[in-house]
Amino acid sequence: MSTPTGFMDYKRELPADRNPLERIKDWEEFHKHFSEDQLRTQGARCMDCGTPYCHTGIELPGGASGCPVNNLIPEWNNLIYRGLWREALDRLHKTNNFPEFTGRVCPAPCEGSCTVGLIGDAVTIKTIEQAIIDKGFDEGWVVPQPPLTRTGKKVAVVGSGPAGMATAAQLNKAGHTVTVYERADRIGGLLVYGIPTMKLDKKIVQRRVDLMEAEGVQFVPNTEIGTTVPVEQLMSEFDAIVLCGGSTKAREVEIEGRDLKGVHLAMDYLNGTIKSYLDSNLTDGNYISAEGKDVIVIGGGDTGTDCVATALRHGCKSITQFGTHSKAPLERDQINNPWPQFPNVYTLDYAQEEARALYGQDPRAFSVLTKKFVGDENGNLKELHTIQIERTVDETGRKIYKEIPGTEKIWPADLVMIAVGFEGPENTLIEKLGLAQDRRSNVKAKYGDYRTSVDKVFAAGDMRRGQSLVVWAINEGREAAREVDRYLMGTTMLP
Ligand SMILES: Cc1cc2nc3c(=O)[nH]c(=O)nc-3n(C[C@H](O)[C@H](O)[C@H](O)COP(=O)(O)OP(=O)(O)OC[C@H]3O[C@@H](n4cnc5c(N)ncnc54)[C@H](O)[C@@H]3O)c2cc1C
Ligand code: SF4
């Protein structure tokens, strides 16, 4: 234990983010660091409760509870308190290959289930995680560690998101020769094309890719398996194949006016900007710009929030984010959402904080259903027609949305982004390999086992579980590597 009364002696504190009005002028990360003294104090708040739910990583209603990669949180909190940074880094790398990603983008289910959170404010776990790994890189402690011997077995990983990267890192550590195929021009999956640069600087992703290459992993971008390279070639050349292709089929809204000019899928909007920024600092103009436009984002989740932040940086005229869900309560509902479930409470994410700083209010409109898009005589989007809805459940527990008469509204808009989620993985690869799918169209493979219906083919990450979180992708990638190693060698030492 750091200090027995730390959780009573010190308040939870977080480093102040960059000023919202300043940070919307650029595309740089918005989080700042604490000093080592401040981190030591925050580490001292961990009371080593004996049953640390923070590292359990189980799924409860409403999301994960505890850390899905089972980070040894109380141990590194204590090491930080004692100033043992190098040891803390080793502890962190035992369970998480990429803490520099999760320390930046994880929603921190660990904090939702922190025992201090039962009677006060949770320990600032995510901030400490990022500080440990960032210091590790700054000090030059994170260096390539290639395996001492090779097994002679060859594994192909399809998709280079966090699941593919974690699978590759672990299999390489076990001595297998790993090739990662990626259809995009850059390695990283949604870490690069998806999550905006202000949440995760792409140099941070490339730094890890470079390290893995130095350890012996081969990355092959611009190569789509099933198209550029036939699946038969992969099946004959490799001893095992791990599919980590993500869950990228966007869900559509099928309403009148969808074809109007100015209505776009969120991923086309986000990725156009990211690619143009990385290629040319946005000078090539190859992106959908929100500059000077009245923008509406349909979808209240993370992807929608990233669209809001991107539109603000483009210099939009106004921004509104629609969600079909109602406004969350200010405090956790102790009956329906008790600890250690992930707390469903009203918060402002970075983009909403920025919009409020600029326009004086939260850009979100809750319980709103879009009924139709209306355009002008040239087919350009002009306005959206909506109605307020109320969510109830029927006798079987199924959610039903009831429209409230008299709440119809017209919103002027010339740019709309649709961010209503993802339907599952794309079909090409699945069909070409003849893989069984589950009822949600994901590749069928059991959690913890990862074997698909086809011999020597495994699946992990969003492609197996559906659109989820970076930390779950890392968890599945690590575990899938363990099962592939067992399949290849008959036994495994991987965790
Ligand atoms: C906009 C957005 C923001 C998000 N923000 C967060 C966040 O803040 N925090 C968080 O924890 N999670 C976030 N997520 C979710 C998170 O990014 C994903 O859960 C995670 O990246 C899944 O990892 P993965 O490796 O399974 O798949 P992905 O990251 O989707 O990677 C799959 C890769 O496979 C490639 N691929 C597919 N088919 C083929 C093929 N046939 N051949 C070659 N390559 C192929 C794709 O091009 C892609 O690069 C966000 C998601 C989105 C869309
Ligand atoms: S990976 Fe996420 S859940 Fe795990 S310790 Fe880090 S912030 Fe918490």
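## The second largest pocket

Reply: Happy to: 21 residues line the second largest pocket, and H93, Q145, K173, R208 and E215 are the ones nearest its centre. (On a 1 Å grid over the protein atoms alone, a pocket is an open set of points where a 1.4 Å probe fits, with protein on both sides within 12 Å along at least five of seven lines; lining residues have an atom within 4 Å of a point.) Two or more lining residues come from each of α5 (85-95), α9 (162-173) and α10 (202-215); helices (H or I, at least four residues) and strands (E, at least two) are DSSP runs, numbered from the N terminus. This is a predicted model, in which local features need pLDDT of at least 70 and side-chain atom pairs count only at 80 or more, while totals for chains, interfaces and linings use all residues. Residues are numbered from 1 along each chain as its sequence is written, chains are lettered from A and ligands numbered from 1 in the order written, and side-chain values use heavy atoms, without hydrogens or water.

The volume of this pocket is about 520 Å³, taken as the space filled by probe spheres on grid points joined across faces, edges and corners. Which element gives the most to the lining? That is α5, with 5 residues. By type, the lining holds 8 nonpolar, 6 polar and 7 charged residues (Ala, Val, Leu, Ile, Met, Phe, Trp, Tyr, Cys and Pro are nonpolar, Asp, Glu, Lys and Arg charged, the others, Gly among them, polar). Domain 1 (6-138) and domain 2 (154-248 + 423-489) each contribute at least three lining residues, with bounds from an automatic or database domain assignment.

Next, a second site. The shell around ligand 2 has 13 residues, and C67, N71, C106, C110 and E129 are the closest; a residue is near if one of its heavy atoms lies within 4 Å. Both α7 (109-112) and α8 (125-138) supply at least two residues of that shell, and the largest share, 3 residues, belongs to α8. Its make-up is 9 nonpolar, 2 polar and 2 charged residues.

A108 sits in the loop between α6 (99-105) and α7. Its phi is positive, about 60 degrees, although A108 is not a glycine. With a relative accessibility of 8%, A108 counts as buried (buried is under 20% relative accessible area, exposed over 50%, partly exposed in between, with a 1.4 Å probe and protein chains only).

Now for the strands. β3 (residues 154-158) pairs in the parallel sense with β4 over 5 bridges and with β6 over 4; pairing takes at least two DSSP bridges. V157 stands opposite V180 in β4 and opposite V242 in β6. β4 has 4 of its 5 residues buried, so the rest of the structure largely encloses it. In β6 (residues 240-243), A240 and V242 point one way while I241 and L243 point the other, and all are buried. β6 also pairs in the parallel sense with β18 (residues 457-459), over 3 bridges, where I241 faces V457.

An open sheet of 5 strands runs in the order β8-β16-β9-β10-β11, with parallel pairing. β8 (263-265) and β11 (364-365) are the edge strands, each with a single partner, so one side of each has no neighbour in the sheet. β8 is joined to β16 (residues 415-418) by 3 bridges, and H264 stands opposite M417 there.

Two backbone details remain. Most residues other than glycine have a negative phi, and most peptide bonds are trans. L282, in the loop between α12 (266-280) and β9 (294-298), has a positive phi near 70 degrees and counts as buried at 17% relative accessibility. W339 and P340 are joined by a cis peptide bond with omega of about 5 degrees, and P340 lies in the loop between β10 (318-322) and α14 (350-359).
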